[in-house]
Amino acid sequence: MSTTASNESRSRGKAPAGEKIADWADGRLGIYSLAKANMRKIFPDHWSFMLGEVCLYSFLIIILTGVYLTLFFHPSMNEVVYHGSYVPLQGQLMSEAFNSTLHISFEVRGGLLIRQIHHWAALIFLAGMFVHMMRVFFTGAFRKPREVNWLFGFLLFVLGMFTGFTGYSLPDDLLSGTGVRFMEGAILSVPIIGTYISYFLFGGEFPGHDFVARFYSIHILLLPGIMLGLVVGHLILVFYHKHTQFAGPGKTNNNVVGMPLLPVYMAKAGGFFFLVFGAIAVIAAIAQINPIWAIGPYRPDQVSTGAQPDWYMGMAEGLIRAMPGWEINFWGHTLVLGVFIPLVLFGVVLAAIALYPFIESWVTGDKREHHILDRPRNVPTRTAFGAAWIAWYFVLLIGGGNDLWATHFHLSINAITWFVRVAFFVVPVITFVVTKRICLGLQRRDKEKVLHGRESGIIKRLPHGEFIEVHEPLSQEQLYTLTAHQQYEPVEIGPTVDENGVERKVSGTAKLRAKLSKAYYGEDNQIPKPTVEEYKEITSGHGHH
Amino acid sequence: MSSQDIPEENLPAEQGTAHGAVGVADEKNPFADPGLPPHEHRIQDIDERAAKRSERVVALLFTVSMLATIGFIVSYVTIPNDKSVYVFPIGHLSAMNFALGLTLGVALFCIGAGAVHWARTLMSDAEVADERHPIEASPEVRAKVHADFKQGAKESVIGRRPLIRNTMLGALALVPLSGLFLLRDLGPLPKETLRHTLWAKGKRLVNMNTNQPLRPEDVAVGSLTFAMPDGLKETDEEFQTEIAKAALMIVRLQPDNIKDKRELEWSHEGVVAYSKICTHVGCPISLYEQQTHHVLCPCHQSTFDLSDGARVIFGPAGHALPQLRIGVDSEGYLQALGDFEEPVGPAFWERG
């Protein structure tokens with residue numbers, strides 16, 4: 001924007017070195033325009049906004065430690081005899097992948113620490129994304145204009161799961177090899193092309209000699225490359241949209257209230273990176289993870305009991321364990337429904353999560369931008385969907401660990417499996433209904449509080465002997481905060497017969513939409529928020545009671 | 001920070017119009033937005049001694065970080081890699097891992113804690129409002145972009161010359177096919193490989209643990225023995241792939257306890273041989289309950305009844321374990337009387 005003349009005059013003065021460098025960079029990169037928009041950018045404060053940061057930082061930690069591990073890891077399935085310093089395995093045949101992982105763990109100083117930081121950070125990354133997605137879901141932060149960013153985040157979650165899976169398969173130990181075998185079995189169940197996919201992925205029959213090297217390039221290059229791009233896109237959109245905020249005095253849909261990036265968030269968010277890294281390093285110092293030397297190298301004819309994937313694969317594991325073993329044979333072919341249905345269900349559930357923002361915006365028909373977050377109670381149906389999904393997820397986690405439940409709590413494995421099969425259908429429904437009732441109850445309580453004030457805990461005795469509790473009216477900030485949310489009217493189809501008695505055609509989708517809309521915003525599905533008239537009548541007419 | 005997180009008694013009782021306020025207290029509407037609450041000073045804002053204290057805390061945290069880094073280097077250089085140390089209540093840990101992790105963790109954590117404490121106590125905590133602007137472009141910009149696009153498209157003559165457009169689309173659609181073909185050599189075609197194992201008529205059953213050929217009398221009642229085909233060695237190039245299909249489990253049953261007619265026929269003096277590879281997704285089955293003759297796959301808990309043709313009695317497996325027909329050779333060793341008659345392991349489309 002500045003002219004060349006002013007540029008020259010600027011550089012001629014005795015500016016400090018930092019300024020000179022900045023001027024130099026601005027002349028080539030235009031950093032001043034960028035900084036003008038972002039250096040004092042305002043971010044609102046809420047503890048839940050930190051969850052995404054946990055993900056970002058653990059992702060960076062994974063990349064840093066992962067690069068270190070590649071310096072020592074040999075992604076090869078050549079069989080070698082172990083001669084390293086871990087005595088119990090000396091003389092054993094194992095793949096070079098396993099051998100080099102032992103080398104990292106026992107011979108490279110600090111190698112074990114980096115391995116454990118890498119693995120712990122991966123678990124925290126996935127857990128962080130899970131909780132971060134919950135935050136975004138329950139507060140409605142995915143609504144316009146942020147649907148695309150929801151998709152970016154969703155893709156990061158899914159790719160994160162597969163990066164984790166390919167990663168923990170690399171050491172070629174007995175546990176992870178069993179997981180890979182499970183994946184191969186699942187691929188074989190795919191109709192028509194399953195066998196071919198398996199042969200192409202493994203370079204022939206399982207396990208072959210190729211999968212470690214192939215998983216390696218997927219794990220360290222392909223997936224993280226895509227994820228890095230998505231993370232950058234995700235962050236650019238967060239900056240571009242500006243952060244959402246909860247309703248409160250002075251906070252509107254047209255502003256963002258908080259503190260500036262420089263210096264407050266530079267220090268807080270930058271410092272938070274070190275907090276996360278430090279915490280993970282301490283965990284890696286004291287909590288062992290994936291001790292492959294105790295598990296041993298992979299052999300397709302050996303297995304240990306209590307074989308479990310990392311937690312984020314627990315849903316898939318639960319589906320596969322609870323599913324009855326249906327197989328249909330016809331015309332010389334086999335349809336392996338017992339494995340294929342869980343596989344499809346896994347995809348369907350993921351797709352539903354990805355599409356949820358679009359479904360909800362179709363139901364509401366709302367095309368406006370939303371920057372003020374919902375309190376979960378104020379959108380009971382969405383909150384109930386989310387809670388039902390979480391409950392379903394936990395049912396499947398129980399299913400995925402049914403053997404551990406059986407051994408730890410001395411229960412019958414058959415009983416647990418049957419419990420999971422029934423709970424798979426029943427628990428989400430119960431959770432949905434209960435959550436919705438709780439939300440409506442909380443809405444009623446808010447209404448009560450707005451109209452009658454808060455209970456002060458002071459008991460007053462009236463002249464005629466009656467005891468009453470004194471209610472204190474809320475401040476205007478509280479009144480505003482509790483009544484700031486919008487309430488939708490359910491979509492109506494309108495009369496299906498016009499004034500001349502001619503039937504009007506209503507499409508099935510319109511009917512479905514009206515039905516869903518009623519389920520979201522109908523009479524029994526939200527509590528009408530208190531109106532000014534109600535408030536005035538109670539506070540002026542009858543006095544406090 | 002929204003006001004619902006703050007205990008009500010901590011909120012200012014009286015509310016004037018504060019700095020940066022957008023809403024105005026409205027007599028008629030008690031629910032109106034009162035605007036941003038006034039900034040409340042922290043102790044550090046009004047008391048220089050408190051600010052000084054915060055400064056010292058931050059500096060202390062940064063100093064601890066420096067010391068921890070020095071501790072990291074000292075640990076790296078001095079601690080032997082194979083030393084273990086007892087840490088209550090965790091147990092025995094690698095001393096090196098414990099020392100490095102703890103010092104690195106403290107060094108990093110203190111930087112973070114220092115920065116956050118600095119931000120919270122000494123940097124301005126006044127809340128500021130920033131305007132949002134609609135993401136959508138203004139109608140003028142929108143019109144301009146549409147017009148520019150039409151202009152560009154017109155100048156490209158793509159609309160007027162469909163021959164160019166169609167051939168271009170054709171070329172772009174075909175070119176990824178080369179990439180698809182390049183993937184062909186990722187692996188061989190399955191052919192019949194999943195149907196065959198190393199087992200064949202006359203192959204002796206070799207005990208997996210002792211590497212010795214098995215005689216019927218080596219198989220005790222109530223024990224589970226694992227076997228592989230004679231001639232297969234751990235050092236073989238294709239050992240893993242072959243054992244993934246050929247792994248065998250052998251048990252001895254009382255012949256009159258065998259309920260399945262074919263099973264009895266394919267057994268030898270009550271010794272039966274079944275594929276060890278689960279028909280669900282291919283885990284090796286390894287848990288045997290000698291009272292009931294049930295075997296359980298530890299991965300997904302499919303349970304098979306070895307006294308009844310190894311049919312599935314519980315769990316997600318879809319069909320029985322394949323049985324290997326066995327007998328004894330002239331020297332009295334157990335031998336296979338052929339390959340498995342059906343594919344071992346998980347089901348697949350071509351299995352039929």
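1. In this predicted model, 95 residues of chain B are in contact with 102 residues of chain A, contact being counted when C-beta atoms placed from the backbone lie within 7 Å. Local features need pLDDT of at least 70 and side-chain atom pairs count only at pLDDT 80 or more, while totals for chains, interfaces and linings use all residues; residues are numbered from 1 along each chain as its sequence is written, with chains lettered from A in the order in which they are written.

2. On the side of chain B that touches chain A, the elements giving two or more residues include strand 2 (91-94), helix 3 (95-121) and strand 11 (311-314) of chain B, where helices (H or I, at least four residues) and strands (E, at least two) are DSSP runs numbered from the N terminus. Helix 3 of chain B provides the largest share of that side, 18 residues.

3. By residue class, that side of chain B divides into 56 nonpolar, 27 polar and 12 charged residues, with Ala, Val, Leu, Ile, Met, Phe, Trp, Tyr, Cys and Pro taken as nonpolar, Asp, Glu, Lys and Arg as charged, and the others, Gly among them, as polar.

4. An open, antiparallel sheet of three strands has the order 1(A)-5(A)-3(B), two strands being paired if DSSP finds at least two bridges between them. Strand 5 of chain A is joined to strand 3 of chain B by four bridges, and B:Val128 is the bridge partner of A:Gly258.

5. Within chain A, two bridges join strand 1 to strand 5 (residues 255-260), and A:Phe43 has A:Met259 as its bridge partner.

Technical notes
Two residues are in contact if their C-beta atoms, placed from the backbone, lie within 7 Å.
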